[in-house]
Amino acid sequence: MKIRYFLSVIIGKLIIIFLKLFKRSATALPGKISLKICPYLLEVINDRCENKLIITGTNGKTTTNNLIHHILTSSYDFVLSNLKGANMPQGIASAFLKDIKKKYNWGIFEVDEGSFSEVLQHIHPDYIIITNFFRDQLDRYGEIESTVSIVYESIKPLDSTLILNADDPLVANFKSLKKNSVYYGVVENYFSNQHQNVIETRFCPSCNDNLNYEYFNYGQIGKFGCEGCGFDNPPYNYSIIRIKGNGKNCFDIKAKEEIFENVCFKYEGIYNAYNCCAALTFCLEIGMISDVVIERIENFEYHLGRMEIIEFDQKILKITLAKNPIGLTEVLKNISYDNKKKSILFILNDNPADGRDVSWIWDANFETLNVIKNLESIYCSGRRAEDMALRIKYTNFPTHLINVDDSPKDAIMSIINENVDSIYLLPTYTAVFQTRDIVFDYIKNSHHYLDLSKFIKNFFS
Amino acid sequence: MYPDLLNLYGDGGNIICLKHRCDWRGIKANVIDFTLNQEKELNIGDIFFIGGGSDKSQNIVYQHFLDYKNDLQDLIEDEAVFLAICGGYQFLGEKYIDAGGNEVPGLGIFDYYTQSEEGRLIGNIIIENNLNLDPLTIVGFENHGGRTYHDYNSLGSVKVGYGNNGKDKEEGMVYKNCVGTYLHGPILPKNPHFADYLILKALKRKYNINNISKLDDKFEYGAHEKVMKLYSK
């Protein structure tokens, strides 16, 4: 038995070295091969982690995972986590191969809804966070109801503590499992709306009757109540009770009886308020000191390209992953709060990891484009650039401001040279890392160029 | 019809497409939602759209829809324009036989049936249309577990992908001005010739108009051509 384990580790490590030599991402393949050699590798990981948390749901897994990892490492020496968003068994195994230890204080894993039941057969979490359920990659998962029921059924036999988004009816319904559960949410705020602008489920997950909403925070997330069976938001244990509309992303948070005022997070958007609240809920539940947790939330920085803010040449460039209708709708809504002169680049790919079906862009609310102020131009790129351009045309956005270039590199070069103050790059999943690399290469090279010209100028003066 | 329940896979984009293509030509088009607790007289409609929904949604719709079966049948016979996609297409038939062999009744407007068979048929699809439209190709994305078998005229023959059942190389169904198809994408924006075909049929029925002005379809055919480039064999 042990031989298989050692063999899998050696080969996995070799693959990592090999991939690094060729500058390829080593987030999944090493784990995939190692799992073939040693099918019980996930059990080994399970045994080595003293405590475990699994994060699942459609949106916010990677951010919540990275944020919790950042908070935990302030107080724990050994935290194992699949931080780069590779959230199937091979992603967890790859994270382990890169950071092999005898013991970890915590194992924090984000797990794709589709792999959830498989992972739970090997890894037995003390806590499970469920963020939300939206339609995403229907070619892989099928309809949202079946995704929810797979997760629901997989949790049934467990005795894990559930940390649940009380504002998503599909998540709040996990209350009926009668597990030890902790609820978090966000009260009505300036992102809230009386009307739902993206079609998501509006029916009671418990009895199928109509759900009535007092307000929507986004998607089907908000304050709801069912006429038929009385199903409604469970009371919050942790909640964001105010979002300050002062241009910064600062919240007042109520944690059981305590209130923390003015907690600021670098990244905008109502969905990030939920991510922060989920992370804070978990960290306080496991007994961490609140001052430490808040400090770490405030100094958290993302370096993955999923959400990244880069300043150069007096421009602000933001890269934000946008991979499903709700995500894209909310990202566009955030851009509408920026009044500066700006350009937006969409990079739409249809590789298997993106979902091969690009029809999802028609479920997102693109009408926001027409209320974004000072939007100078739009670029569309990626394998399905033309589909994105077509989607935008059907908002009546002027077509002469829409540029189509299916090479991401060329499109990024063009947009970076636009005479604007803000640049938004919105790639789908498989374009994220490439986008980040192109941007950083450009900045590195252009600064060399600048340094050289400065040098020449100084030399001759 | 039932936009809050039958709304999978971006098919609402077809409505956006029809509405804009009418607006751009100065044709006034009103989009009217018909759903539970929001019932309307059906004969005020010129173009009817029925998308697909989850099993749960389709069960909710079925009971309600049954009351309107005769109205729909009359409208289809009277050459009203219908576009039914995926679950909506299956729905117009007699029954759906699920994986366990259980028969789920459909509206029974047409005497075809759909059978669940192993493996979902998923992927980009290219067909050659039987409606005499230029260009010949219609492109989209299909994602269905059910296989539909019928003897009606088909919308087109399958060049790439599966179509009705993955066996007879036919895709969709056409009866008078009623079209059933498995194509998402959504189908109309990337296939403006087909979108205009439906608009023209509706104009002909209501006002006896026989042609409509051309639009600049550079973006539309750009997306169409890209599917051809990436996925035609």
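Visitor: How many salt bridges does the rule find across the interface of chain A and chain B?
Guide: The rule finds 4 there. This is a predicted model, in which local features need pLDDT of at least 70, side-chain atom pairs count only at pLDDT 80 or more, and totals for chains, interfaces and linings use all residues. Residues are numbered from 1 along each chain as its sequence is written, chains are lettered from A and ligands numbered from 1 in the order in which they are written, and side-chain values use heavy atoms, with hydrogens and water left out.

Visitor: What makes A:D387 and B:K190 a salt bridge?
Guide: The rule asks for a side-chain nitrogen of Lys or Arg within 4 Å of a carboxyl oxygen of Asp or Glu. For A:D387 and B:K190 the closest N and O atoms are 2.7 Å apart, so the pair counts as a salt bridge.

Visitor: Which residues of chain A and chain B are in contact, by number?
Guide: Contact means heavy atoms within 4.5 Å, and 34 residues of chain A are in contact with 38 residues of chain B.

Visitor: Why is A:F260 called buried?
Guide: Buried means under 20% relative accessible area, exposed over 50%, and partly exposed in between (1.4 Å probe, protein chains only). A:F260 has 10% relative accessibility, so A:F260 counts as buried.

Visitor: What does A:F260 touch?
Guide: Not counting residues up to four places away in sequence, A:F260 touches several residues, among them A:F251, A:L284 and A:I294.

Visitor: How far apart are A:F260 and A:I286?
Guide: They are 26 residues apart in sequence and 18 Å apart in space, C-alpha to C-alpha.
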